[in-house]
Protein chains: 2
Amino acid sequence: MHERVHLDHEAKALEAPADHAAELRLWLRLLTLSTMIEGEVRRRLRDRFDVTLPRFDLMAQLVRAPDGMTLSDVSKRMMVSNGNVTGLVERLVESGHLDRRVSETDRRAQVIRLTDAGLDAFRAMAAEHEEWIAEMLSGLDEDEIDTLMTLLGKVKASTRTAMEKGPAGAPQEDVPR
Amino acid sequence: MHERVHLDHEAKALEAPADHAAELRLWLRLLTLSTMIEGEVRRRLRDRFDVTLPRFDLMAQLVRAPDGMTLSDVSKRMMVSNGNVTGLVERLVESGHLDRRVSETDRRAQVIRLTDAGLDAFRAMAAEHEEWIAEMLSGLDEDEIDTLMTLLGKVKASTRTAMEKGPAGAPQEDVPR
DNA sequence: GCGGCTTGTTTTAAGCTTCAAATATCACGC
DNA sequence: GCGTGATATTTGAAGCTTAAAACAAGCCGC
């Protein structure tokens, strides 16, 4: 009922549905790889520090902002929903890693900061974390890392463009160009 | 209290903790990118097909196995826990996409297959999905895709090695070499 | 054919995550 | 000062995810 699986060469003219197998394989490999690394990092954070990856990530956002960030800021940076951050922050305040107060300039907003204890804990974790990543990437030389950075940057730009345009084939709604 | 943040050049001898900034940045970019793409794919699957990404992924595993797979097989391939697959499968059986029966050769195992309806639904989704990915990667030429495949393969191999060795610094337990 | 280890699955508790709806506050124009 | 629309956050329901414990059935050596 469906053609298209077994005629890889030939059959290229004639509205053939342009096979994007290479792109698909690349995406799959990218996804597998980050799932793999992420899983390993999560496991190690749990085993050695009894902390979850999302909490670590949140603290990582905060460490470079000694004056704090609002929940929205964190949410955008982490690319997760607002509601998600609310819960994460609640648990981290509870455990003493975070300090949370109402913004002085905007009564809607909460400003969160690492507490001293939170900062200490994070530094210890971050140091090990950096070693783990370096170890996992130790099979690459400097040039390869450079090339990867560049190409992944290109993918990122390309993806962003595709996201702005919206799903292929979907008529642009409203937005006049 | 902590040194190390602001002395990027100089201070390289003397047990400097070998900065792995490049590796860390690469990992961060990789993670950001797959989070971005994954999020967009999830959003589109939901909007256009009212299906979740994990369900789509599970069906994708099954489509090339007309004779079915066991839950364990699926769990390994998807790199998620067994319990996770149990729940996913339950919902997909419920919705009529999957068929599940006890293995004829191993009474512990469940064999799952796509139903006809499941196969049809999956094909429709997969076709669009492929277009989405192709669109997001359209900023890259063939060579760049090739290079990325190769380099990511290398990262994968390197990561696997690091995972087998276990966390750096952790004494190998038991395993005599 | 009986232990003992392994493997396949399910269950449970806790936490993560999203989307959508509800609140509260702000910013702006008038 | 009062609407109006935008922004910041919280809440609730549903689903995803893991780790760990419990079970069932297979496999293997004796």
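This is a predicted model: local features need pLDDT of at least 70, side-chain atom pairs count only at pLDDT 80 or more; totals for chains, interfaces and linings use all residues.
A:Val80 sits in the loop that links helix H3 (71–78) to helix H4 (82–94) of chain A. How exposed is A:Val80? With a relative accessibility of 27%, A:Val80 counts as partly exposed, because that value falls between the 20% under which a residue is buried and the 50% over which a residue is exposed. Apart from neighbours within four places in sequence, A:Val80 has contacts with A:Ser75 and A:Val85.

Of the 177 residues in chain A, 37% are buried. The contacts of the chain also reach along the sequence: among those between residues at least 6 apart, 50% join residues at least 24 apart.

Chain A has an average pLDDT of 87, and 84% of its residues reach at least 70. Among the elements of chain A, the highest mean pLDDT, 97, belongs to helix H2 (residues 53–63), while helix H6 (residues 142–165) has the lowest, 94. Residues 169–177 of chain A tell another story, for their pLDDT stays under 50. For this stretch the model has 4 contacts beyond four places in sequence.

Attention now turns to the nonpolar core. The largest one has 80 residues, and A:Leu58 and B:Leu58 are those with the most contacts inside it. Which residues does B:Leu58 touch? Not counting residues up to four places away in sequence, B:Leu58 touches B:Val74, B:Met78, B:Leu88, B:Val89, B:Leu92, B:Leu98 and B:Ile112.

The two chains also meet through a pair of helices. Helix H1 (residues 21–49) of chain A packs against helix H5 (residues 116–136) of chain B at an angle of about 80°, and the axes of the two helices are 9 Å apart. H1(A) is therefore roughly perpendicular to H5(B), since angles of 65 to 115 degrees are counted in that way. On the side of H1(A), the residues that meet H5(B) are A:Ala21, A:Glu23, A:Leu24 and A:Trp27. Their partners in H5(B) are B:His129, B:Glu130, B:Ile133 and B:Ala134. Sorted by class, this contact has 5 nonpolar, 1 polar and 2 charged residues.

Note on methods. Residues are numbered from 1 along each chain as its sequence is written. Chains are lettered from A and ligands numbered from 1 in the order in which they are written. Side-chain values use heavy atoms; hydrogens and water are left out. Axes are lines fitted to C-alpha atoms, for helices over the stretch in contact, and angles run from 0 to 180 degrees between N-to-C directions. Helices (H or I, at least four residues) and strands (E, at least two) are DSSP runs, numbered from the N terminus. Angles under 35 degrees count as roughly parallel, over 145 as roughly antiparallel, 65 to 115 as roughly perpendicular and the rest as oblique. Contact means heavy atoms within 4.5 Å. Ala, Val, Leu, Ile, Met, Phe, Trp, Tyr, Cys and Pro count as nonpolar, Asp, Glu, Lys and Arg as charged, and the others, Gly among them, as polar. A nonpolar core is a set of buried Ala, Val, Leu, Ile, Met, Phe, Trp, Tyr and Cys residues joined through side-chain atoms within 4.5 Å. Buried means under 20% relative accessible area, exposed over 50%, partly exposed in between (1.4 Å probe, protein chains only). pLDDT is the predictor's confidence in each residue, from 0 to 100.
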